[in-house]
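Work through the exercises below with the model open. Each task is followed by a stepwise solution.

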Protein chains: 2
Amino acid sequence: MSKKDKLSTEPYKGVRDFYPEEQAFLNYFIATCKGAVERAGYVEYHASVLEPAELYRAKGAQNEELAGEQTYTFEDRGGRMVTLRPEMTPTVARMVAARRRELGFPLRLYSIPNVFRYERPQRGRLREHWQLNVDLFGSRSPAADAEILAVAYGVMAAFGATEEDFTIRVGSRPLLEELCRELGLDEEKAAKLRRLLDAKNKMEPAEFSAGLAELGVPEAALSPAQTPADIARMLEMLKAMGMGNVVYDPAIVRGFDYYTGLVFEVFDNHPQNNRALFGGGRYDNLTELFDSEQTPGVGFGMGDVTMRDFLEVRGLLPQYRPATKVYLAVPSPELAPQAQVLAGELRRGGVNTAVDFGEKKLADQLKVAAKHRIPYCIVVGENELSSGTFVVRNLETGAEESLERSALAQFFTNL
Amino acid sequence: MSKKDKLSTEPYKGVRDFYPEEQAFLNYFIATCKGAVERAGYVEYHASVLEPAELYRAKGAQNEELAGEQTYTFEDRGGRMVTLRPEMTPTVARMVAARRRELGFPLRLYSIPNVFRYERPQRGRLREHWQLNVDLFGSRSPAADAEILAVAYGVMAAFGATEEDFTIRVGSRPLLEELCRELGLDEEKAAKLRRLLDAKNKMEPAEFSAGLAELGVPEAALSPAQTPADIARMLEMLKAMGMGNVVYDPAIVRGFDYYTGLVFEVFDNHPQNNRALFGGGRYDNLTELFDSEQTPGVGFGMGDVTMRDFLEVRGLLPQYRPATKVYLAVPSPELAPQAQVLAGELRRGGVNTAVDFGEKKLADQLKVAAKHRIPYCIVVGENELSSGTFVVRNLETGAEESLERSALAQFFTNL
């Protein structure tokens, strides 16, 4: 085949390949999220990336950010319209409605699905990303709102962020609606105001001010002198739980139709990147799409790409370490079976061990181990096999240690 | 909204919802696979479920099981044909070809992706399943073939299967081709023979015999008196590695075009379910689709649904345990903030703790904890808070233990 007949090695446009180093970050993201939310009593669920398209078209489920052209929707061979989920909340609402009688409330659920949006790839906004979703169903209590904020805070803390790094800004859909009524805005203008507020951080301050002026909304209406009493009580509750970086911000609105109460965004405090990292809110009517009885919910979603950027800027990304601890180099193919036997001993001793097949020069085998970032190497040669003494070499420092065969596994499990 | 206007709570046809108990099995499947393959030096990669459709249409990448109508393929808004991956091998070949110069060989990779096939749902063959994929690139050595068989064996062992439970049947594409030449079968008849052999376990013995007769293939040709020398050597190597259930079976063929050498299937020995659980083989030409230089590969794929059936029949499925260890029940909403403080103490002590908001009767709160299968409960009432002594109740046995507040976390971490 000539070169021009070859298929491209690029992934599909706007999605990522995860080579071991990228996968290690995704695994770190997943493990850190899991640890933080399971500590707070959340249990994991999951669903297929394929959902009936109706799920995102029903009134009340629409997302102002997600107009029709921004989802992957296609017709299957059976004539069904299918969507690659753009977000997880409609799915979890569907699942909860399906088993409302059996599930038991309050119900704490989390998932870390991939979600799809059909849009131009740009920093932090690929066509596919992974997203922690945390939801608490079955309580209208402000204590449930406070818990969700505490879980969001706990996830940030688990990644190593401190209160100096981020601020949780809390708004309220009912208070925003009240404001719209006071200002005499009709539903069309109210929706425009919501979209303007949601886009605030993506535009110049002058553009934002002009937008407000056009709607006849005085800027002062969005920065009131005092925090409403119920939100003040919640902020007190959160302070007692040790959270000092939660503030009221009436301009927080979120781009989803289905929010009915609390809305919030976690803001990056970095001066060059002062934007929302993620957010969430209360949606008390969403299960009504499926079910005659309401199950109130409150939750949030947090993406891997945004979090990676946040951690990278602060030097909080963990260093890559492969799962493999030691590489067995083999001077010739004839010794490969004996290297396999030693590998078996190490593995039974709990050590993740890779073995060369002895088809290349030893020096090249060590280069392969170093390329794979495997921290240790052992040469399995005639002398080593007959003497029963092996040299463990640290491939980063070059340090070497001679050990009896029977002591090898222990050396690694003690590291 | 009247009942008939409600959206269905069913997932899309042929895919599954994973409620916490189903998700716990998927997590067990993933963790068990990871543990077994990382022990053998494999590192994790991943990719998007979306792939360019060409990947499955190129000559040499086709899968006889996967004719065009069995993949999910659609056109995106940019006119690109996109496929939901039906298998992972073309993806990993693409990724390896893309970075051949940097990766370093032998290269051991694994992934546990979801894969899609458009087919009628039936036992063990849903439209979406998860699949462990293990691949070893860069060696043509029989030792590499032996290693892949050993990894497949190791995965079975990690799930608790013994040699009585399964047999690894090994075939050879070159030997099958040699047989076809000896029998004078042209390419069309050879392809028919491959399809017949691949479908052998899905048909009656009489139907299979009739198929052979039609092609003019004597049954004896497929059960030769002796094992070819190179396969016999490999079986010896595997025996030395402790594997006694690997046999030669010239009728093993696998339904993928791209296999070039070893092919194998892991068979369930259960008398009522004597079928292939999973399989794999050697594909030395696949990266040529993308790259002027060949990178030989050998690997296998193993699905979650088949493995679940295998484990279920043998009573090897693990019991469901939620990640949550203890539920704090709260006699009234006013005590919820104090319960949150105790929950914070337990969580900092490493205990996964869920808290009620005190909106229901205590007895109903305990029922919720039991529904969620949380093993322990503590009532956080006025008396307990003032005395500093709390009763830890085992919700399965009813056993109770009184403990000082400061000893609670330790109680759970010692379990």
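## Exercise 1: an aspartate in a loop

B:D291 is found in the loop between strand 13 (276-283) and strand 14 (297-303) of chain B. Helices (H or I, at least four residues) and strands (E, at least two) are DSSP runs, numbered from the N terminus. The model is predicted: local features need pLDDT of at least 70, side-chain atom pairs count only at pLDDT 80 or more, and totals for chains, interfaces and linings use all residues. Residues are numbered from 1 along each chain as its sequence is written, chains are lettered from A and ligands numbered from 1 in the order in which they are written, and side-chain values use heavy atoms, with hydrogens and water left out.

**Task.** Describe the surroundings of B:D291: is it buried or exposed, and what does it touch?

**Solution.** 
1. Start with accessibility. B:D291 counts as buried because its relative accessibility is 8%. Buried means under 20% relative accessible area, exposed over 50%, partly exposed in between (1.4 Å probe, protein chains only).
2. List the contacts (heavy atoms within 4.5 Å). Leaving out residues up to four places away in sequence, B:D291 touches A:K6, B:A97 and B:R100.
3. Look at the side chains. Those of B:D291 and B:R100 are joined by a polar contact of 2.5 Å. A polar contact is a pair of N or O atoms within 3.5 Å; within protein, one must be able to donate a hydrogen and the other to accept it, and residues adjacent in sequence count only if both atoms are side-chain atoms.

## Exercise 2: the interface

**Task.** Characterise the interface of chain B and chain A: how many residues are in contact, and what area is buried?

**Solution.** 
1. Count residues. 100 residues of chain B are in contact with 100 residues of chain A.
2. Take the area. About 8100 Å² is buried between chain B and chain A, and carbon and sulfur atoms give 59% of it. Buried area is the accessible area (1.4 Å probe) that two parts lose on being put together, summed over both.
3. Count the polar links. Between the chains there are 50 residue pairs in polar contact, both residues at pLDDT 80 or more.
4. Helix 1 (residues 20-39) of chain B gives the largest share of the side that touches chain A, seven residues. By class, that side has 48 nonpolar, 20 polar and 32 charged residues. Here Ala, Val, Leu, Ile, Met, Phe, Trp, Tyr, Cys and Pro count as nonpolar, Asp, Glu, Lys and Arg as charged, and the others, Gly among them, as polar.
5. Find the strands. Strand 1 (residues 17-18) of chain A pairs with strand 3 (residues 46-47) of chain B in the antiparallel sense over two bridges. Two strands pair if DSSP finds at least two bridges between them. A:D17 has B:A47 as its bridge partner.

## Exercise 3: A:R94 and its partners

**Task.** Which salt bridges does A:R94 form?

**Solution.** 
1. Apply the rule: a side-chain nitrogen of Lys or Arg within 4 Å of a carboxyl oxygen of Asp or Glu. Across the interface of chain B and chain A it finds two salt bridges.
2. Cross the interface. A:R94 forms a salt bridge with B:D17, with 2.8 Å between the closest N and O atoms.
3. Stay in chain A. A:E51 and A:R94 also meet in a salt bridge (2.9 Å, N to O). A:E51 is in strand 4 (residues 50-52) and A:R94 in helix 2 (residues 89-98) of chain A, 43 residues apart.
4. Check burial. A:E51 counts as buried at 1% relative accessibility. A:R94 counts as buried at 1% as well.

## Exercise 4: a salt bridge between loops

**Task.** Which parts of chain B does the pair B:D284 and B:R140 tie together?

**Solution.** 
1. Take the distance. The closest N and O atoms of B:D284 and B:R140 are 3.9 Å apart, in a salt bridge.
2. B:D284 lies in the loop between strand 13 and strand 14 of chain B, and B:R140 in the loop between strand 9 (128-137) and helix 4 (142-158), so the pair ties together parts 144 residues apart in sequence.
3. Compare accessibility. B:D284 is buried, at 11% relative accessible area. B:R140 is partly exposed, at 48%.

## Exercise 5: strand 13 of chain A

**Task.** Which strands pair with strand 13 of chain A?

**Solution.** 
1. Check its cover. Seven of the eight residues of strand 13 (residues 276-283) of chain A are buried.
2. Take one partner. Strand 12 (residues 262-268) pairs with strand 13 of chain A in the antiparallel sense over five bridges. A:V266 has A:F278 as its bridge partner.
3. Take the other. Strand 14 (residues 297-303) of chain A also pairs with strand 13 in the antiparallel sense, over five bridges. A:Y283 stands opposite A:G297.
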